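Visitor: I have a chain to look at and some questions about its parts. Please show it to me.

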Amino acid sequence: MGAAAELGSEELIEVFKALGNPARLQIMQWLKDPERHFGEWEPIADRREVGVCVTHIQAKAGLAQSTVSSYMSTLERAGLVRPTRVGKWTHYRRDEERLARLAEAVTVTI
C-alpha cells in the first residue's frame, strides 16, 4: 500500500468535499495545463514553477475575489494546491505528488 496507506478517511473526505464544488473542480482542471487555460494573461512569474496568479484565476472564473480566495483556501487545506507569494500576489499550482498519492489511496480504499 505504501504512502497511500498513510492517508486516512478524514483526509480523503476533505479532498472529496473540496472537489465536490463544480467551480473548485474546474479550477483544478485549469491548473493542470496553466499555459493553455491562462495564456491570455501575461504571467507575473513562471506558471509551471510557481503557478497561476490568483487574479488570473478570478478573471477566468468570473467570480468575486473573496469567493476565489475562499475556494483556493479550501483547495489548499485539502492539500490539492500549493501557494507561492510573488510580491503582493499569491500564485497557485497543483500538488501533483499529493494528487498521485490521493489517486492511489482512492484505488486502495474503494
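Visitor: What is the order of the strands in the open sheet?
Guide: This is a predicted model, where local features need pLDDT of at least 70, side-chain atom pairs count only at pLDDT 80 or more, and totals for chains, interfaces and linings use all residues. Residues are numbered from 1 along each chain as its sequence is written, and side-chain values use heavy atoms, with hydrogens and water left out. Strands (E, at least two residues) and helices (H or I, at least four) are DSSP runs, numbered from the N terminus; two strands pair if DSSP finds at least two bridges between them. The open sheet has three strands with antiparallel pairing, in the order β1-β3-β2.

Visitor: Which are the edge strands?
Guide: Look for strands that pair on one side only. Those are β1 (52–53) and β2 (81–86).

Visitor: How many bridges join β2 to β3?
Guide: β3 covers residues 89–94 and runs antiparallel to β2. Val86 stands opposite Trp89, and Pro83 has Tyr92 as its bridge partner. The number of bridges joining β2 to β3 is six.

Visitor: In β3, which residue is the bridge partner of Val52?
Guide: Two bridges join β1 to β3, and these strands run antiparallel. In β3, the partner of Val52 is Tyr92.

Visitor: Which residue takes a positive phi in the hairpin of β2 and β3?
Guide: Two residues lie between the strands of this hairpin. The phi in question is near 65°, and the residue is Gly87.

Visitor: Which helix lies across β2 and β3?
Guide: The helix covers residues 65–77. It runs at about 120° to β2. Its name is α6.

Visitor: Is α2 roughly perpendicular or roughly parallel to α6?
Guide: Axes are lines fitted to C-alpha atoms, for helices over the stretch in contact, and angles run from 0 to 180 degrees between N-to-C directions. Under 35 degrees counts as roughly parallel, over 145 as roughly antiparallel, 65 to 115 as roughly perpendicular and the rest as oblique. α2 and α6 pack at about 75°, with axes 10 Å apart. That makes α2, relative to α6, roughly perpendicular.

Visitor: What is the angle between α2 and α5?
Guide: α2 spans residues 22–32 and α5 spans residues 54–61. Their axes are 11 Å apart, and the angle is about 120°. That makes α2 oblique to α5.

Visitor: Which residues of α5 make the contact with α2?
Guide: Contact means heavy atoms within 4.5 Å. From α2 come Ile27, Trp30 and Leu31. From α5 come Ile57, Lys60 and Ala61.

Visitor: How far apart are the closest N and O atoms of Glu35 and Arg47?
Guide: The two form a salt bridge, meaning a side-chain nitrogen of Lys or Arg within 4 Å of a carboxyl oxygen of Asp or Glu. Glu35 is in α3 (residues 34–38) and Arg47 is in α4 (residues 47–50), 12 residues apart. The closest N and O atoms are apart by 3.2 Å.
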